[in-house]
Amino acid sequence: MIKFDQVSKRYPGGREALARVNFELADAEMAFLTGHSGAGKSTLMKLIILMEKASQGQVFVDGINLNRLSRRHIPQIRRKVGVVFQNHQLLFDRTVFDNVALPLTISGHQPREIGRRVRAALSKVGLSGKEKQYPVALSGGEQQRVGIARAVVNKPPLLLADEPTGNLDPELSKEIMNLFEQFNQVGVTVLIASHDLELVKQLGYRQLTLSKGCLL
Amino acid sequence: MNALKKNSSKPVGGASVQSQTFSIAAYLSNHKKVGTETLIKLFKTWFASLMTWLVIGIAFALPLILYILLNNANQLGGEWQGKPRISIYLKADLGAAETSTLLNSLIQNEAVASAKLITAEAALAEFQTQSGFKDVLSSLPFNPLPAVIEVEPKAVSPASLKLLVTKLADQPSIESVSFDLDWVERLFAILALGERFVTALSVFLGLGVLLSIGNTIRLAIENRRAEIEVVKLVGGTDSFVRRPFLYLGFWYGLGGALFAWLMVQISLIFLSSPIERLLHSYQNEFYLVGLGFVETLILLASGAFLGVLGAGIAVGRHLHQIEPT
């Protein structure tokens, strides 16, 4: 599903965020990306969803070489990748329903289909009945789960999560991780960036560790 | 994985037939949704929207009012002398038979639209009732007025009128031909100037409309930067991101044109009674003609078009600069 081939990323100003990173993530695999802050976890994720372009090397997602992708085709890759952000990236002037429905609206689904899928996704993350509320009325954990519902609502084959448990207490963190495991069990490839080493170890999935931009 | 892939969005290579058929209805329904949502948002922030609509409305209304006045002046010129009348004064000793021969030959003349004989007696009677010189005229021993044939030429251009007048003046039975060509020439020159002026003003103010809509859209884009970033992150295409702003431009333009229409109608009501009173004093039946149905449609369509165009330019300039970070 994901393949990095000698990928380096240098930001303007000379800081090297990733150095010759090689790894492959198989279809339906679940893995954790760990490392200190500044080790390059976010950069690696940004390369997968084309928020950044590699300075060197090749990134493949679902067999597509991202280096060769034109600007016009970027949305099609992003629709294959559900992303859960640390800061949720919710729209605060829209209801929970509209937030979760966004990926479906964008890819042109019928309203009835959207309603059905959004309610299914919200029920999956345990937020049934909150669809008419605005994100601001929800707790941090609930907002995170709205973000997860939005990431999975169009059933993407790949799910990325950047520090999804960053601001949550251990109990909630565990619940969120269990959700990701459930998605993985139905065939979704999952890659989670986290610095919660204890929780990662507990769950026992493959671990990719970055240090100063290099994969250990 | 396979089960999931079936439901995942269309592959990069091309869309399946099924997803294409249902996406047309969804595409239209998204247009409808975005269109109405944009309008509702405009009404929610009604004060700011009203300001924009008024600015656009004034920019449209100014050249429109001038255009209408010019149109009416054209109509006025047409009634007065734009469809000019040539007065042919007949020789005093011309007999009735010769007069009617001349009249017939004029009627058959290709350059003449109509010709009407006013006999010396009729002319005197008319002059008496209209001029207020009744007593003076009746004290005269003879009728000082000659018989007149009033000719309405087909052509109105000064050059062809000049030709016709020259031809007529050569005829022996005609004493003189009276026709103020300079006046017509001047009127035409003034009207042509007025048209140019209105055109130039329309271009400048149209540009103003474009810029003010563009600027308003630019601000709207700035305000919704976070939303644009999120939409792009979850796979929104450029056209999806662009759509609400194009609708915003559409509503601004259309609303502005509606306000322009309103302003024009109010101005006409305000102007019509003094203008009509002024013209009635010249014994001219005149009614100010406003915007017709077709003209109103053109106004609304050009408003909407300029709105979408202005928004398109603004979105094109700024959209690429906003990328998720």
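A polar contact is a pair of N or O atoms within 3.5 Å; within protein, one must be able to donate a hydrogen and the other to accept it, and residues adjacent in sequence count only if both atoms are side-chain atoms. The model is predicted: local features need pLDDT of at least 70, side-chain atom pairs count only at pLDDT 80 or more, and totals for chains, interfaces and linings use all residues. Residues are numbered from 1 along each chain as its sequence is written, chains are lettered from A and ligands numbered from 1 in the order in which they are written, and side-chain values use heavy atoms, with hydrogens and water left out.

**Exercise 1. Describe the interface of chain B and chain A.**

Step 1. Count the residues in contact (heavy atoms within 4.5 Å). Chain B brings 31 residues and chain A brings 37.

Step 2. Take the buried area, which is the accessible area (1.4 Å probe) that two parts lose on being put together, summed over both. The two chains bury about 3100 Å², with 60% of it on carbon and sulfur atoms.

Step 3. Look for polar contacts. The rule gives 6 residue pairs across the interface, both residues at pLDDT 80 or more.

Step 4. Helices (H or I, at least four residues) and strands (E, at least two) are DSSP runs, numbered from the N terminus.

**Exercise 2. Find salt bridges between the chains and within chain A.**

Step 1. Apply the rule: a side-chain nitrogen of Lys or Arg within 4 Å of a carboxyl oxygen of Asp or Glu. Over all chains, 16 salt bridges turn up.

Step 2. Go to the interface. Chain B and chain A share 3 salt bridges. One of them joins A:Arg94 to B:Glu227, with the closest N and O atoms 2.3 Å apart.

Step 3. Turn to chain A. A:Arg206 pairs with A:Glu29 at 2.9 Å, N to O. A:Arg206 lies in strand S9 (residues 206–211), and A:Glu29 lies in the loop between strands S2 (16–25) and S3 (30–34), 177 residues apart.

**Exercise 3. Characterise the largest pocket.**

Step 1. Set the rule. On a 1 Å grid over the protein atoms alone, a pocket is an open set of points with protein on both sides within 12 Å along at least five of seven lines; lining residues have an atom within 4 Å of a point. Grid points are joined across faces, edges and corners, and a volume is the space filled by probe spheres set on the points.

Step 2. Read the volume: about 1200 Å³.

Step 3. List the lining. It has 42 residues, and A:Arg94, B:Glu37, B:Lys41, B:Arg224 and B:Glu227 lie nearest the centre.

Step 4. Find the main supplier. H2(B) gives the most, with 11 residues.

Conventions
1 Å grid on protein atoms, 1.4 Å probe; cavity = no way out; pocket = protein on both sides within 12 Å on 5 of 7 lines; lining within 4 Å.
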